[in-house]
Every structure is written in structure tokens, then in C-alpha cells.
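Let's take a friendly walk through this model together. Have the sequence and the 3D view ready.

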Amino acid sequence: WNSGMFLFTPTAYLDELKNTASDIYDVTNEAFQKSEKRNDFLRIHTESFAHSRSESIDYAVMEHTRRAAMIPLNLHWNDLGCWSSVAESGVADENNNVMRGNVIARDSQNCFLSADSRLIAVLGLQDQIVVSTDDAVLVADKKYSQDVKQLVAQLKTGKTGGDVARNHKKVFRPWGFYESLSVGPGYQVKHIMVNPGAKLSLQLHHQRAEHWVVVSGVAEVVNGDEMFRLEANQSTYIEKETRHRLSNPTQEPLHVIEVQAGSYLGEDDIVRFEDVYDRVEQPRQ
């Protein structure tokens, strides 16, 4: 079984990539040469990188190189390439069910049942895969476990579920993460976690107002012309078109509930003025 483990120096890999997939090499090299290093981040030139075709190292390099050698490795291996493989790696109960998370199963055999948060309750299932995440729920017969990628491709190209393929409930940022708790007409509720010492950009929104409520930690807030600190159970209201910033000046994580209200709540309704992670768009020359 080819486990897909590769060992090489960066120079050797780049030399082979140039020989076997020169188009990928040229485009990615251009993107790297045009990249900018700011603080701890190397920002790859987006427009250049977007021209690179998507190809795995197996197809692009390893199937064509003359410099490779394969050696045996004596260990247990499972590539976890499908949900059936994930099930095989788990510990089964007396009914050969592998269950993770908040799961209840009755009269069910040979199933893989995984719940990230919400409860999964199954009755009378056999040879089924049920995976529940904050984004979606997958239910599939084990014999179709290799075909999940076809569903993903359909999500990316189809009208149904397209947002799931593009956006997750929990989104990581350089300063921490946010997760969407509830969305409805004209409103959205988020949980924001800011890492110790981190800060969001100084920004404003044209089409929404925000209400921040500190759950735990200490927040340093810029709200218009004011700058102040908030602790647990304290809050502030930020009107639209108002410059604002959220920072964590402590060594403990900061947790905030954000309530957005407005006619448009998309992530692209943001104007950044200052940002320690260099996400301020510069005007084109």
C-alpha cells in the first residue's frame, strides 16, 4: 500500500516540479517572488497564485520523476481516505458500531456514528455512516463512502448548499476565531474569541451595527473617538459607519458575543484602516 509519505529536500522537489509540471512551477514561483512578508506572515501574491492549476504531488511529480525510490516501512497504516477507513481505525462496541461524541444507537450494527455537538440518535441502522458537524449532516451507506467527494463537488457547483462549501460556521483568523451562532433576516449572532495579546483591525461597516457583550476576559475597545476597557457582563453598541476595534490586552483568551443588525451582514462589508496582520488593501497605482 502506498502510504503517500514523501521525503525530499525543498531544492530537489522544486527541481522535479520544474521538470514534470513546469506550468505549476512557473506560476507558484511568480506568486512567491511577488509575496510580501509582514510580521510573522508571508502573504503569497493572490492574483499570481490563482493561475495555478490544482494537481496533487502524486500526479504532478511522483508518477513522472526518475529520481524516486520506494522503501518498505513496517508499521500499521490506514490512510483515512474515506469514512469507512475512519470507522476501521476506531474502537467498535459489541454491535461493531464505532461511535464518537453525543450518540445513542439501538438495534443498529456495523455503523460509524460521529457527532461534533448535537445529539445523534439512530434506530435500526446497518452498515451506515452518519456524521454530524456544525455545518452539515452526512448520511451514507458504507459502500458509497468513496463517493463523498462527488457530493462535495456538487455542493461547490450547485445552488443547493453552496454556502456550506464556501463558508464554515467556525472561521479562524490570525487573531483567533469567530463562529456563527444564529442567523436570520437582518441579524446575526457570533461568538468571537480573541487570542491573548491579539487585536482585530480598526474597521467600519457601511450596512450593519454591532453590539459586543464580553463573556469572559478583558476587552480593549475603540468605538468612534472613545477607547475603553470592558470586562465580563459589560457591553458596547457600535453604530454603522463608526470606526471600531476589539483587542485583548491580557494573557487570557477573550470571549465576546457579537450581535449584528442591518440590511446586509456579509463579511465583505468591511473597510479596514489599520491592521497588524497587513490586511488593509492598498490603493492601486
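Asp-107 sits in the loop that links β4 (103–106) to β5 (112–115); strands (E, at least two residues) and helices (H or I, at least four) are DSSP runs, numbered from the N terminus. This is a predicted model, in which local features need pLDDT of at least 70, side-chain atom pairs count only at pLDDT 80 or more, and totals for chains, interfaces and linings use all residues. Residues are numbered from 1 along each chain as its sequence is written, and side-chain values use heavy atoms, with hydrogens and water left out.

What is the phi of Asp-107? The angle is positive, about 50°, although Asp-107 is not a glycine. Asp-107 is exposed, with a relative accessible area of 56% (exposed means over 50%, buried under 20%, partly exposed in between, with a 1.4 Å probe and protein chains only).

Asn-110 also lies in the loop between β4 and β5. Its phi is positive too, at about 55°, and Asn-110 is not a glycine either. Asn-110 is partly exposed, with a relative accessible area of 23%.

Now turn to the helices. Helix α1 (residues 10–20) packs with helix α2 (residues 22–33) at an angle of about 125°, and their axes are 5 Å apart. Axes here are lines fitted to C-alpha atoms, for helices over the stretch in contact, and angles run from 0 to 180 degrees between N-to-C directions. That makes α1 oblique to α2, because angles under 35 degrees count as roughly parallel, over 145 as roughly antiparallel, 65 to 115 as roughly perpendicular and the rest as oblique.
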